[in-house]
Amino acid sequence: MNKTVLKTINLTKKYKDFTALDHVNITIHKGDIYGLIGRNGAGKTTLMKTVTTLTEKSEGSFQLFESTPEELTESKRRIGCLIESPAFFANLTVAQNLKYYAIQKGIVDHRQIDQALTLVDLTKQKNKKFKNLSLGMKQRLGIALAILDNPDFIILDEPINGLDPIGIKEIRDTLKKLNEEKGITLLISSHILSELYLLANHFCFIERGKVIKELSKEELDLECSKCIVIQVKDTKKATVALEKELHTTNYKVIDKQEIRLYDYLDNSAHVNKILNKKEIDVISIYESGISLEEYFDTLIKEENPSC
């Protein structure tokens, strides 16, 4: 059984009358690349700050590496994080910036600086001033800082935000390398599901501080599988027909007009015939796969019907 790296139990964070985290329960296992998906303001950063104790929780609890609350301080030493942009010095070189933070962290073996730069592929830029780095290089330097003291678990908040496609690929390759070669467990947040899909093996969708879905990559693939999209004027009447006439409950009502049916995939004409027979006004019916963005949008709509 995989060891647990992070487990939250009804973790809650309130700011006066505003609930930023609402009884969050997630589990991250050793070796995972865990993708935290949510819109801006959904609670991703608050969750990361809470489990790194950069902000105090209001209710609930969390465990790091299956430790007891008394062992939390020691467990935190095994974490590296990049939650807000670190204050790098513009006129110092890449190596000088990391040396400054190595001193702050009490790292006496400065060979760890070269090791970190090698892992994020910045060795050739070690003598380059920070102000002259590209945005992608700056992000990789931030990751180098996060892994400087050889953590077992790193937490990264929106590491691909604002990058061009080449920069995104470089970050993705770097993170895969850390996971596969060093065995580091990662928690990564983003609002771009399509990019995290290429990296993560487990996903958590968060909206308004609540976890609305937690699933593996295999389960996500199944959720986005082929379906028949049925648009009707009366979804209640249509679902009754699906259950009574077609004997299936393998469908999902998306909104007031749309149903997605996961049975009869090669026989949408028969489905249409049955619906018409039951005097249901079918606006359109067609076979479709669901894109990752559509899936994300569907989850948000189910959580917030008014959206």
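Colleague: Which residue in β8 is the bridge partner of Ile155?
Modeller: This is a predicted model, with local features needing pLDDT of at least 70, side-chain atom pairs pLDDT 80 or more, and totals for chains, interfaces and linings using all residues. Numbering starts from 1 along each chain as its sequence is written, and side-chain values use heavy atoms, without hydrogens or water. Strands β7 (residues 153-157) and β8 (residues 185-190) run parallel; in β8, Ile155 is bridged to Leu187.

Colleague: How many bridges join β7 to β8?
Modeller: Strands here are DSSP E runs of at least two residues, helices H or I runs of at least four, numbered from the N terminus. Pairing takes at least two DSSP bridges. For β7 and β8, running parallel, the count is five.

Colleague: Which strands stand at the edges of the sheet?
Modeller: Six strands make an open sheet with mixed pairing, ordered β6-β7-β8-β4-β9-β10. Two of them have a single partner strand each, so one side of each lacks a neighbour in the sheet: β6 (79-82) and β10 (210-216).

Colleague: And which strands does helix α6 touch?
Modeller: Helix α6 covers residues 165-182 and packs on the sheet. Its contacts (heavy atoms within 4.5 Å) are with β4 (33-37), β7 and β8.

Colleague: Is Thr55 buried or exposed?
Modeller: Thr55 sits in the loop between α1 (44-51) and β5 (59-64). Beyond its neighbours within four places in sequence, Thr55 contacts Lys13, Tyr15, Thr46, Lys49 and Thr50. Its relative accessibility is 14%, and with the cut-offs (under 20% buried, over 50% exposed, partly exposed in between, 1.4 Å probe, protein chains only) Thr55 counts as buried.

How values were computed:
Axes fitted to C-alpha atoms, helices over the stretch in contact; angles between N-to-C directions.
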